[in-house]
Protein chains: 2
Amino acid sequence: MKEFDLIGNYFAKGGYVRKDVLLGIGDDAAVTKVPAGQCVVTTTDTIVEGVHFLPQTAPESIAHRAIAVNLSDLAAMGAQPAWISLSLSLPSINESWLKAFSEKIHSLSHYFSFQLIGGDTVQGPLSITVTAQGFIPDDNQITRSGAEPGDWLFVTGSLGDAGVGLDLLQNKITVSNPEHASYLKNRHWFPTPRVLAGTTLRRIATSCIDISDGLIQDLKHVISRSEVGAIVHLDKLPISEAITKNIENGIDAITYAATAGDDYELLFTVPEEQRVHIETALASYNIPVTRIGQITGATGKIDLRLNQKPFEFESRKLGFEHFS
Amino acid sequence: MKEFDLIGNYFAKGGYVRKDVLLGIGDDAAVTKVPAGQCVVTTTDTIVEGVHFLPQTAPESIAHRAIAVNLSDLAAMGAQPAWISLSLSLPSINESWLKAFSEKIHSLSHYFSFQLIGGDTVQGPLSITVTAQGFIPDDNQITRSGAEPGDWLFVTGSLGDAGVGLDLLQNKITVSNPEHASYLKNRHWFPTPRVLAGTTLRRIATSCIDISDGLIQDLKHVISRSEVGAIVHLDKLPISEAITKNIENGIDAITYAATAGDDYELLFTVPEEQRVHIETALASYNIPVTRIGQITGATGKIDLRLNQKPFEFESRKLGFEHFS
């Protein structure tokens, strides 16, 4: 493995360059400077072929997802991305694959203003580990543990698209409208990390998490860490036209929205006195946001309602399992 | 994969706890605070079964090596370790393996005063990616690019032990003395990152690199980045008694010392006016250090000498290739 050549050729040049990176790729480690009054926010996520993405997935999608899942974690804390380290395990050296993969990383670095500061390239089964570092002003982090009874429950964007997109790619379902099919697949291949929404939620949201394992599964983390409960109005879940026009059974559509993973929308809680503020702030950035329920004092309990009536999913659908 | 249970059970508790970690394992990301006047130093390395360690290697050794290779990179910059993120890819869940692995990580965290701040657990072939973050006072980093003609070339510890240890484990050679055999295998299984040596070299060494790919291979990085050349006196290389007493052919012993990888000793350059200072400083910490050569103005050239005479290795031995 000519790992050094690889890094030199594809990753060292072409990306966004930040002034706070004193030493980037090419030494034993990177040296960076955090602005005064800011904390470092760090997250690591690995995606593995056959577990987190389908075999034969395009390198552009793999690069996008590897970065997006990490930026999404930063967004859920309210942090601004700054520096990325990339470890790439490849079964063999494929130059066109590496070119497409690295160009996507560079393109994202310009879009999100992060710099690739280092990494490692090893021979092995296809998997990518990204560590993302970002900043947040001191005492501004949004955790999973601050939700209080009475807080409103919000989500950004629409839910279930990535899950329907994955089922489409696996031929488990069909969608006749080609534009809708394309939209849904792209929501799986190229999820949007809600970075701007995350920074906007600082000092407003009492808790936040990104939806990677499915709405209900991730809500469980929030209510567990916050020691509260929640009511979710399933009929209020934001569902795209691409789903409502193509998934005939309304319960199926709601099931995708409530339980499918990989949407990378933000789920957050906001006290009543901030409710109008957050709706206005996010609308001014054109970030769709929907109020889907409320935090309760019934610790550990998620009370699902459909048109005001109690509702239960088949238990096997509660909690996204990776598809392998 | 019950990845969350895994992380909760084995990694969330038992490790060293730092005051500068405001939020550790258990949220979307960790939140940490860098002391005023310090930079962040970040490195990522992945080790893969069958490439960087032999199949059936004990979990304690895998954990040790995953951490050590990263702390060694921090040491080569002169940085003090602070925070570690761990991504663990496992083919299946083996509780006794996880217990041994995580206990070793915790034990190292106490020894080196780092805190495990997050990570990811995925199903896949056995590999471990660690991202290590550390600190260095502003403008104190030691790079690969500062060596100047006339600077002395030093190495810590002894060279070649890990390479001989690996050959022993693969039955390519035999060592009759059991204590020596055990020492050599342990140098492969449990390399010592030279953290204290690294911080001692701040503002003294003009360049530094850790020896992971072999002395000559890593020296190439230094002379390339510094745009200088070097003379290396092969008869001066520090070689352990375990090697000299068991490898009969002196040239074979020197070949291990000059070309085998995975020793994780530091190779660094020091100007004449600091030479006595560094020898005294490292001796006071009981860190062995040996002067093995000198930087020259012959850019790009490594001049190998044996007993003052020019020497060349068989070319296939120059540059460590991973054993797979």
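In this predicted model, an unreviewed UniProt entry places a "binding site" feature at Gly119(A), Asp120(A), Arg144(A) and Ser212(A). These positions span 94 residues in sequence, and their farthest two C-alpha atoms are 31.5 Å apart, so they do not all gather at one spot. Asp120(A) lies in strand β5, residues 115–123 of chain A. With a relative accessible area of 7%, Asp120(A) is buried, because the limit for that class is under 20%. Ser212(A) sits in the loop of chain A between β8 (207–210) and α7 (215–226). Ser212(A) also counts as buried, at 17% relative accessibility.

Asp45(A) belongs to strand β3 of chain A, which covers residues 38–48. Its relative accessibility is 18%, and Asp45(A) is therefore classed as buried. What does Asp45(A) touch, not counting residues up to four places away in sequence? Within chain A, the residues touched are Val69(A), Asn70(A), Asp73(A), Ile128(A), Thr129(A) and Val130(A). From the other chain, Asp120(B) touches Asp45(A) as well.

That last contact leads to the interface. Here 56 residues of chain A are in contact with 56 residues of chain B. The two chains bury about 4,200 Å² between them, and 50% of this area is on carbon and sulfur atoms. On the side of chain B, the residues that lose the most area to chain A are Asp27(B), Asp28(B) and Thr42(B), which together account for 14% of what that side buries.

The interface between chain B and chain A also holds 21 residue pairs in polar contact, with both residues at pLDDT 80 or more. Strand β3 of chain B (residues 38–48) gives the most to the side that touches chain A, with 10 residues. Sorted by class, that side of chain B has 22 nonpolar, 21 polar and 13 charged residues.

Side chains of opposite charge can pair when their charged atoms come close. Between chain B and chain A there are 6 salt bridges. Arg144(A), one of the residues in the UniProt "binding site" feature, forms a salt bridge with Asp27(B), with the closest N and O atoms 3.8 Å apart. A further salt bridge joins Arg144(B) and Asp28(A), at 3.0 Å from N to O. This pair crosses between chains: Arg144(B) is in the loop between β6 and β7 of chain B, and Asp28(A) is in the loop between β1 (21–23) and β2 (30–32) of chain A. Arg144(B) is buried, with a relative accessible area of 10%. Asp28(A) is buried too, at 5%.

Over all chains, the count of salt bridges comes to 28. Within chain A, Asp263(A) pairs with Arg187(A), the closest N and O atoms being 4.0 Å apart. Asp263(A) is buried at 2% relative accessibility. Arg187(A) is likewise buried, with a relative accessible area of 12%.

Within chain B, Arg291(B) forms a salt bridge with Glu279(B), where the closest N and O atoms are 3.9 Å apart. Arg291(B) is in strand β11 (residues 289–296) and Glu279(B) is in helix α10 (residues 275–284), 12 residues apart. Are these two residues buried or partly exposed? Arg291(B) is partly exposed, with a relative accessible area of 31%. Glu279(B) also counts as partly exposed, at 27%. Returning to chain A, salt bridges that share partners join Asp161(A), Arg187(A), Arg194(A), Asp263(A) and Glu265(A) into one network.

The loop between β6 (127–137) and β7 (152–156) of chain B also contains Pro149(B). Pro149(B) is partly exposed, with a relative accessible area of 48%. Which residues are in contact with Pro149(B), leaving aside its neighbours within four places in sequence? They are Val228(B), Ile295(B), Thr296(B) and Gly297(B). The C-alpha atom of Pro149(B) is separated by 7.6 Å from that of Gly229(B), a residue 80 residues apart along the chain.

Technical notes
Residues are numbered from 1 along each chain as its sequence is written. Chains are lettered from A and ligands numbered from 1 in the order in which they are written. This is a predicted model: local features need pLDDT of at least 70, side-chain atom pairs count only at pLDDT 80 or more; totals for chains, interfaces and linings use all residues. Side-chain values use heavy atoms; hydrogens and water are left out. Helices (H or I, at least four residues) and strands (E, at least two) are DSSP runs, numbered from the N terminus. Buried means under 20% relative accessible area, exposed over 50%, partly exposed in between (1.4 Å probe, protein chains only). Contact means heavy atoms within 4.5 Å. UniProt positions are given in the numbering used here, feature names are shortened, and annotations may be inferred rather than shown by experiment. Buried area is the accessible area (1.4 Å probe) that two parts lose on being put together, summed over both. A salt bridge is a side-chain nitrogen of Lys or Arg within 4 Å of a carboxyl oxygen of Asp or Glu. A polar contact is a pair of N or O atoms within 3.5 Å; within protein, one must be able to donate a hydrogen and the other to accept it, and residues adjacent in sequence count only if both atoms are side-chain atoms. Ala, Val, Leu, Ile, Met, Phe, Trp, Tyr, Cys and Pro count as nonpolar, Asp, Glu, Lys and Arg as charged, and the others, Gly among them, as polar.
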